[in-house]
Amino acid sequence: MTPAGPADADRTDDADPDTLLPDALAPLAAAPARTALFLDFDGTLAAIVADPRDARPLPGVPTLLSDLAQEFELVAVISGRPTSFLADVLGPPLGVTLAGLYGLERALQGPEHDAWAEVIDGVVREAESTAPSGVYVEPKGLTVTLHWRQAPEQKEWVVSFAERAAADHNLLVHQGRHERELRPPLDVDKGTVVRSLAAALRGRVDNAAAFGDDIGDLPAFEALTHLTKPDGSPLYTVRVAAVDTESPRQVADAADLTVAGATGAVALLAALKDAAHGAAPKT
């Protein structure tokens with residue numbers, strides 16, 4: 001939390017949103033019209049599944065997001081999924097900002113977009129033609145993710161292919177749960193999206209929270225540290241980690257609150273919505 005922080009004594013782990021809203025989130029509920037929420041999708045709004053093509057938001061999530069957007073100044077879903085996928089599975093929720101591919105879709109436009117999409121298409125073709133059985137090659141337009149969740153014995157192949165393709169095509173390799181993702185070498189991640197969206201709200205928000213579950217969410221957590229009001233004072237911020245048995249420890253270590261997976265994250269958001277209802281409305 002800012003200005004306190006996750007190392008302070010008031011850190012709360014394993015929040016139980018079915019009883020009381022954690023104290024750390026009380027300032028957000030008290031002033032939703034001055035608060036921004038930055039939310040991950042996979043592992044946070046949707047349960048982790050064996051086949052990423054089957055990922056869907058937990059029941060009630062689209063309506064919950066729309067309800068949150070009515071109370072809070074900003075509700076944004078920032079994901080490694082394409083924006084089109086998020087819009088399809090989420091509705092899209094009214095009033096919710098969707099940012100896909102870690103912000104690459106916002107950063108790359110015109111000829112530069114097309115050039116990198118062509119590079120990724122070539123990597124996808126190569127991966128699909130050589131991947132061993134059980135490895136899922138997930139094309140996303142400007143990125144491609146190689147999953148070994150259903151073939152754990154093929155992790156070495158995926159890691160080796162990703163490193164080789166990155167060197168051959170000037171791409172970056174990003175680590176995820178049982179996967180490697182290849183992206184264009186731009187300084188774009190969830191943190192840059194958070195900073196960009198927050199900059200557009202400068203002077204309109206005093207609080208912010210980020211929810212996530214994986215390594216790719218750490219830049220969003222870190223970005224909260226640098227958000228300030230016009231007078232230079234820090235925003236009050238909270239980082240929430242949705243954790244399970246395979247979660248990277250770094251995510252929980254960087255968080256102010258932890259909850260039990262996507263179910264816990266969605267329950268906490270519902271509790272936040274209920275607590276915020278009736279506070280000063282958005283203008």
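How do the residues lining the largest pocket divide into nonpolar, polar and charged?

1. The basis. This is a predicted model; local features need pLDDT of at least 70, side-chain atom pairs count only at pLDDT 80 or more, and totals for chains, interfaces and linings use all residues. Residues are numbered from 1 along each chain as its sequence is written, and side-chain values use heavy atoms, without hydrogens and water.

2. The pocket lining. It divides into 11 nonpolar, 10 polar and 17 charged residues. (Ala, Val, Leu, Ile, Met, Phe, Trp, Tyr, Cys and Pro count as nonpolar; Asp, Glu, Lys and Arg as charged; the others, Gly among them, as polar.) The lining has 38 residues, and Asp 42, Tyr 102, Arg 177, Glu 179 and Asp 214 lie nearest the pocket's centre. A pocket is an open set of points on a 1 Å grid over the protein atoms alone, where a 1.4 Å probe fits, with protein on both sides within 12 Å along at least five of seven lines; lining residues have an atom within 4 Å of a point.

3. The pocket volume. The largest pocket holds about 590 Å³ of space. Volume here is the space filled by probe spheres set on the points, with grid points joined across faces, edges and corners.

4. Helices H2 and H10. H2 (residues 61-71) packs on H10 (residues 261-276) at about 35 degrees, with axes 10 Å apart. Helices are DSSP runs (H or I, at least four residues), numbered from the N terminus. Axes are lines fitted to C-alpha atoms over the stretch in contact, and angles run from 0 to 180 degrees between N-to-C directions. Contact means heavy atoms within 4.5 Å. By class, this contact has seven nonpolar, no polar and three charged residues.

Methods
Helix = DSSP H or I, 4+ residues; strand = E, 2+ residues; numbered from the N terminus.
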